[in-house]
Amino acid sequence: LITDLMDKLTQIFGQGLSDSFYPVPQQAIGVGSAFEGWSPHAQDVVYRVLVPLSPPAGHAFHLELDNEGMLQRSFRVRVELLCTCMREQLGEDMLCFLHHPEEELRRKQDPSLLHSLCTGSYLDVEKTVQWFYRFVRVAWLLLPQSHHWHLMLQPSSRSCKFQLSKDKESFTAEMIFGVRQGDSDIFVGSQPAEAGIPSTAWLETYAVAEAKFFRHISRQAPQDSWHCKCLQLLSRFLTGVGFSSYALKTVVMHLLNTVPLTRWHRRDFQQRLMDILKDLHHSLETKELHHFVLGNERFPTEISLPSGFRVAEAPNLFQHLASSPEAHMKAVQEYVHLLHG
């Protein structure tokens with residue numbers, strides 16, 4: 001339902017905004033636990049999709065590294081105007097933003113992206129999200145789903161959240177917008193971040209590459225592989241205080257890359273759970289858990305990564321435990337809670 005809805009919204013975008021100069025949404029990509037197959041709580045599942053954005057005609061996107069975060073790099077998306085005089089000579093109905101007088105552009109053409117969703121020369125996350133919210137309100141009425149489902153938008157500054165409900169059924173979806181790094185499966189995204197982050201900051205996200213990794217494993221694993229059930233079961237016991245379900249997922253991804261997939265059958269369930277807990281305990285003791293995508297030379301080559309990604313230094317997801325005894329104590333307590341569960 002969510003995937004079909006995203007596809008139809010993208011189609012309406014293409015039809016309704018073909019003459020404007022807003023970012024062009026591409027086919028949405030399902031990411032996160034719901035699409036990876038291990039959502040811990042069925043009643044609280046959020047269907048997250050990443051919607052890649054391409055530049056409109058006469059524009060180009062350039063990614064500029066803003067800062068080297070401890071775990072996540074931050075980028076800005078600089079918008080550049082391109083000369084379209086040649087397209088105009090070929091009979092295309094578009095004036096060149098660079099070489100036509102401003103007065104003529106104002107009279108005959110919609111504003112450039114620089115004048116609609118940018119702050120300075122940079123694509124603004126919050127303006128982009130608010131623009132999409134406005135579009136969804138109008139586009140929803142044109143979709144066949146609107147005859148059977150009730151749509152409730154849940155305003156958010158860095159993502160587009162909405163709830164679909166019908167009778168006793170209910171789904172929550174969250175749309176993250178992203179700009180692809182080259183032709184790789186790594187994006188800079190609009191995902192929510194800590195308070196105070198500038199609205200022109202786009203955070204590097206590995207969500208698409210990770211979702212593709214789970215699909216890669218599912219294609220190769222035996223039909224009765226229980227790798228997702230291991231992750232699903234253990235993540236249900238996390239309270240979210242000491243360490244995140246993402247840390248647990250990282251441990252499982254590392255194991256999937258080292259333990260043969262023929263050893264994840266139902267009969268191996270208990271042994272694999274013990275392996276996961278053992279590796280997690282070792283990471284807590286050493287206060288070191290390496291990122292799975294960045295700096296992993298064993299990451300599947302069929303998933304496209306930017307040049308140098310596999311040989312980069314892998315960030316330590318438990319760096320905060322090394323610098324804070326209190327955070328480390330909470331994480332250990334949560335591990336004990338996990339064992340008792």
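Which elements each supply at least two residues of the lining of the second largest pocket? The answer is α1 (2-16) and β1 (24-25), where helices (H or I, at least four residues) and strands (E, at least two) are DSSP runs, numbered from the N terminus. Before we go on, please note that this is a predicted model, in which local features need pLDDT of at least 70 and side-chain atom pairs count only at pLDDT 80 or more, while totals for chains, interfaces and linings use all residues. Residues are numbered from 1 along each chain as its sequence is written, and side-chain values use heavy atoms, with hydrogens and water left out.

Let us begin with the domains. The assignment for the protein chain gives domain 1 (1-206) and domain 2 (221-340), with bounds that come from an automatic or database domain assignment. Their C-alpha centres lie 31 Å apart. Where the two domains are in contact (heavy atoms within 4.5 Å), domain 1 gives 16 residues and domain 2 gives 19 residues.

How much area do the two domains bury between them? The size of an interface is often given as the accessible area lost when the parts come together. Here, buried area is the accessible area (1.4 Å probe) that two parts lose on being put together, summed over both. Domain 1 and domain 2 bury about 1,500 Å², with 65% of it on carbon and sulfur atoms. On the domain 1 side, Trp 38, Leu 71 and Tyr 206 supply 42% of the area buried against domain 2, more than any other three residues. The count between the two domains is 1 salt bridge, meaning a side-chain nitrogen of Lys or Arg within 4 Å of a carboxyl oxygen of Asp or Glu.

Now for the open spaces. On a 1 Å grid over the protein atoms alone, a pocket is an open set of points with protein on both sides within 12 Å along at least five of seven lines, whereas a cavity is a set of points where a 1.4 Å probe fits but cannot get out; lining residues have an atom within 4 Å of a point. Grid points are joined across faces, edges and corners, and a volume is the space filled by probe spheres set on the points.

The largest pocket holds about 1,400 Å³ of space. Both domain 1 and domain 2 give residues to its lining, so this pocket lies between them. Its lining has 43 residues, and Gln 72, Gln 191, Pro 192, Ser 244 and Tyr 246 lie nearest the centre. Helix α8 gives the most to this lining, with 4 residues. By class, the lining of the largest pocket divides into 20 nonpolar, 14 polar and 9 charged residues; Ala, Val, Leu, Ile, Met, Phe, Trp, Tyr, Cys and Pro count as nonpolar, Asp, Glu, Lys and Arg as charged, and the others, Gly among them, as polar.

The second largest pocket has a volume of about 440 Å³. It is lined by 21 residues, and Ser 18, Asp 19, Ser 20, Phe 21 and Asp 93 are the closest to its centre. This lining divides into 11 nonpolar, 4 polar and 6 charged residues. Phe 21 is also touched by Pro 111, a residue in the loop between α4 and β6 (118-119).

Finally, back to salt bridges: the structure holds 15 of them. Among them is the pair Arg 106 and Glu 102 (3.7 Å, N to O). Because these two are 4 residues apart in helix α4 (residues 102-108), Arg 106 and Glu 102 are separated by about one helical turn.

Technical notes:
Lists of a residue's contacts leave out its neighbours within four places in sequence.
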